[in-house]
Amino acid sequence: MIDLAGKKAVILGGRTGLLGQTLTERLKLQEIIAVPLSRSDFDPLSEASLVAMLEREEPDFVFNTVAYTMVDQAEDEENKAHLLNTTLPATLGRLCKQFGIKLIHFSTDFVFDGKKDSPYTEEDQTNPQSVYGETKLAGEERIMGLGYEDFLIIRTAWLFGPHKSNFVYKIVNMAEERDNLTVVHDQNGSPTYTPDLADYSIELLKYEARGIFNVVNSGKASWCELATEAVDSCAINCRIDPVPTSAYPTKAKRPPYSVLDTTKFSEVTGIKPRPWVQALRDYVYNDLKDHQED
Ligand SMILES: NC(=O)c1ccc[n+]([C@@H]2O[C@H](COP(=O)([O-])OP(=O)(O)OC[C@H]3O[C@@H](n4cnc5c(N)ncnc54)[C@H](OP(=O)(O)O)[C@@H]3O)[C@@H](O)[C@H]2O)c1
């Protein structure tokens with residue numbers, strides 16, 4: 001296990017991203033020099049700009065949280081999604097290899113088709129059903145094809161947390177305005193709290209882990225179960241009714257089941273991720289109040 005205090009990390013997407021902002025805070029708590037960067041600090045589509053950023057910052061670690069994350073819009077903007085989700089990680093991987101920097105890149109449960117009915121391991125067959133999933137998977141493959149070992153690809157899912165709007169935040173706000181809501185019940189996944197994801201990712205760094213890891217909170221939920229739990233935790237009097245995916249047609253196809261298995265993460269770190277229900281309580285009690293007052 002290595003001591004990370006005093007090491008330097010740049011967090012691409014760290015000023016504005018849902019995960020990037022929390023990751024920056026949690027790295028600082030571990031006494032890592034954390035430099036959040038956004039589009040005003042570098043151009044993710046320009047190799048010269050990425051080189052200049054790496055030469056300027058001289059980091060030990062690059063965390064890439066930048067992505068094209070608008071899943072439905074990606075169906076119409078394949079080129080933009082490809083540039084951010086595939087070309088950027090490929091270029092970053094190549095430059096990290098050249099500069100001898102560890103790359104920590106985030107990926108998604110949407111690399112799977114959702115036809116399984118037990119949690120997906122890192123070895124399970126991928127088969128993305130959307131442009132977002134395809135471009136994210138291609139990003140993973142480009143990093144893994146570089147002949148560079150010192151990278152981490154962290155697959156995560158269904159993020160909620162402070163600093164930025166997310167599914168739970170939107171549901172709670174809608175529930176405050178309405179007597180009832182209908183939410184999809186036939187998509188099941190692994191809801192994940194960004195501070196937990198950040199801490200668990202840092203643990204992987206301490207153990208000098210390499211390769212692909214699933215990192216999510218434990219337990220599974222449908223969107224409807226997640227919404228119900230959030231509204232109940234906030235003691236809001238709003239009825240949540242389950243509806244099938246077909247009630248809300250979307251451009252992009254989503255996996256009906258994408259729970260991720262974290263056995264590999266636990267074997268390396270000795271940590272069993274805490275249940276998403278417990279993490280949701282922390283979000284509601286600690287973060288959401290401040291969030292709404294912003
Ligand atoms: N959110 C989820 O539920 C979820 C689930 C599974 C996996 N993931 C993965 O986790 C990672 C973090 O996701 P997130 O939800 O934190 O993403 P996010 O909140 O959408 O943040 C994405 C970041 O990328 C930046 N960005 C987007 N387009 C850019 C561009 N053209 N130039 C420069 N910066 C650009 C954004 O900056 P601006 O604010 O300036 O646009 C933002 O900082 C991603 O790899 C995502 O694929 C997320």
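Modeller: Around the ligand there are 22 residues, and the closest of them are Thr16, Arg39, Thr69, Tyr132 and Lys136; a residue is near the ligand if one of its heavy atoms lies within 4 Å of it. This is a predicted model, in which local features need pLDDT of at least 70 and side-chain atom pairs count only at pLDDT 80 or more, while totals for chains, interfaces and linings use all residues. Residues are numbered from 1 along each chain as its sequence is written, and side-chain values use heavy atoms, with hydrogens and water left out.

Polar contacts here are pairs of N or O atoms within 3.5 Å. A polar side-chain atom of Thr16 lies 2.7 Å from an oxygen atom of the ligand, while polar backbone atoms take part at Gly17, at 3.2 Å from a ligand oxygen, and at Leu18, at 2.9 Å from a ligand oxygen. On its own the ligand has 900 Å² of accessible area, and the protein covers 82% of this, as computed by the Shrake-Rupley method with a 1.4 Å probe.

Two or more residues of the shell come from each of helix H1 (18-29), strand S4 (102-108) and helix H4 (131-144), where helices are DSSP runs (H or I) of at least four residues and strands are runs (E) of at least two, numbered from the N terminus. Strand S4 gives the largest share, 3 residues. Sorted by class, the shell holds 11 nonpolar, 8 polar and 3 charged residues, with Tyr counted as nonpolar, Lys and Arg as charged, and Gly among the polar ones.

Definitions and conventions. Polar contact = N/O pair within 3.5 Å; in protein donor to acceptor, adjacent residues only side chain to side chain.
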